[in-house]
Amino acid sequence: MRAHIVTLPGDGVGPEVTAAAVAVLDAVAAHYDHHFHFEEHLIGGCAIDATGEPLPPASLDACKAADAVLLGAVGGPKWSDPNAPVRPEQGLLALRAALGVYANLRPLQVHPALAELSPLKNDKLKNVDVLFVRELTGGAYFGAKTRTIDTAIDECKYTVAEVERVTRRAFQLARERRKHVTSVDKANVLETSRLWRTTVQRVAQEFPDVKLEHQLVDSMAMLLLTQPGKYDVVVTENLFGDILTDEAAALAGSLGLLPSASLGEAKGGLYEPIHGSAPDIAGQGVANPVAAILSTAMLLRHSLGLEEEASTVEAAVADVLERGPHTRDIGGSAGTKEVLDAVLAAIDEHA
Ligand code: ATP
Ligand code: MG
């Protein structure tokens with residue numbers, strides 16, 4: 001198959017891990033006889049430096065036309081002044097909104113070889129396999145913001161249509177997994193959460209084969225630590241999803257391990273590691289490329305429909321996590337390149 005993929009390496013470790021991800025996609029293309037064409041563009045701080053804007057029109061146009069977008073990370077101390085007229089993160093929010101990618105998928109698995117890195121030192125970590133589906137283009141992040149001298153307001157708004165589409169996506173994904181959806185809200189306090197809950201209940205009737213459970217977000221924060229093995233698909237609104245998925249990332253042992261996919265109705269999706277630009281280690285060649293590499297597996301699966309190729313990448317990564325080499329964040333001493341080379345060698349074995 002032919003696919004046109006836009007890369008947005010961004011800032012900090014973004015370019016290092018994106019280069020590793022592209023190398024993996026090149027290897028997949030060679031093994032399975034696909035033709036992936038890559039086109040690189042600017043986003044974030046480097047885009048501000050070059051053009052004055054965090055998401056230049058050329059980048060956005062290219063992303064809209066692509067079959068998929070692979071992003072590294074944006075931001076860093078150079079652009080972190082909260083009073084600056086433009087900030088790198090605005091580029092990412094604008095991109096998500098413009099692409100209409102309302103469903104952010106964040107799978108969480110705990111690899112047995114890395115269980116000792118997790119804060120949970122017991123058998124609770126066995127069989128943890130959760131897929132978070134976070135609503136990405138609504139809620140407090142996108143509502144009206146006002147500020148006077150002594151008052152600030154962040155409007156949190158959801159429409160029925162916004163809740164329906166992300167809920168449907170979560171149930172469809174659950175059908176391909178263990179057929180269990182946990183919807184997280186704060187329906188005892190928030191009006192948006194009451195609309196969320198009734199809408200989720202109604203959509204659930206379209207999926208009689210999938211079991212639905214509701215949890216309040218405060219309980220869920222606790223249950224993720226006490227019974228993480230109980231959950232299959234967890235669907236929630238933007239802010240709750242942001243917080244819960246960072247909590248979940250801690251269970252895996254390192255931010256450097258977890259990928260994400262952001263999907264809408266259009267064919268193109270946005271794929272990125274969940275970690276940030278990691279300025280403390282940028283440019284040293286020591287960033288863990290696993291999160292970016294696993295993001296390519298999600299790209300192959302969700303945007304290109306290449307399930308076998310996606311599984312090959314995931315199996316290769318699992319091998320390397322099992323037998324090493326490991327980067328420093330997961331207790332090893334290897335660099336990005338050594339881990340990438342090991343993954344490429346494992347792809348040769350599996351493909
Ligand atoms: P952002 O605000 O962009 O989300 P952040 O402040 O949450 O960023 P990160 O940039 O993700 O944080 O970094 C948090 C910590 O995790 C840092 O110490 C960083 O070095 C480490 N880290 C993040 N990504 C990786 C990676 N791929 N490999 C190794 N360490 C990483
Ligand atoms: Mg962060």
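Tutor: In this predicted model, the largest nonpolar core comprises 102 residues, of which Val69, Val133, Ile293, Val313 and Val343 touch the most other members. Helix α9, residues 290-302, supplies nine residues, the largest share of this core. In soluble globular proteins, nonpolar side chains tend to be buried together.

Leaving aside residues up to four places away in sequence, Val313 touches Val24, Val28, Ile293, Thr296, Ala297, Leu300 and Ile347. Ile293, one of these contacts, is itself listed with Val313 among the residues that touch the most other core members.

Within α8, the buried residues are Asn238, Phe240, Gly241, Leu244, Thr245, Ala248, Ala249, Leu251 and Ala252. Viewed down the helix axis, the buried residues of α8 fall within an arc of 160 degrees, so they line one face of the helix. Their packing partners are the strands β4 (103-109), β5 (129-135), β8 (180-185) and β10 (233-236), together with helix α7 (217-226). After α8 comes Gly253, which has a positive phi, near 110 degrees.

There remains the ligand. Around ligand 1 there are 17 residues, and those that come nearest are Gly256, His275, Gly276, Ala278 and Asn288. By class, this shell has eight nonpolar, seven polar and two charged residues.

Conventions
Residues are numbered from 1 along each chain as its sequence is written. Chains are lettered from A and ligands numbered from 1 in the order in which they are written. This is a predicted model: local features need pLDDT of at least 70, side-chain atom pairs count only at pLDDT 80 or more; totals for chains, interfaces and linings use all residues. A residue is buried if 20 or more other C-beta atoms lie within 10 Å of its own, exposed if 12 or fewer, and partly exposed in between; C-beta atoms are placed from the backbone. Helices (H or I, at least four residues) and strands (E, at least two) are DSSP runs, numbered from the N terminus. The arc is that of the directions from the helix axis to the C-beta atoms. Two residues are in contact if their C-beta atoms, placed from the backbone, lie within 7 Å. A residue is near a molecule or strand if its C-beta atom, placed from the backbone, lies within 6 Å of it. Ala, Val, Leu, Ile, Met, Phe, Trp, Tyr, Cys and Pro count as nonpolar, Asp, Glu, Lys and Arg as charged, and the others, Gly among them, as polar. A nonpolar core is a set of buried Ala, Val, Leu, Ile, Met, Phe, Trp, Tyr and Cys residues joined through C-beta atoms within 7 Å.
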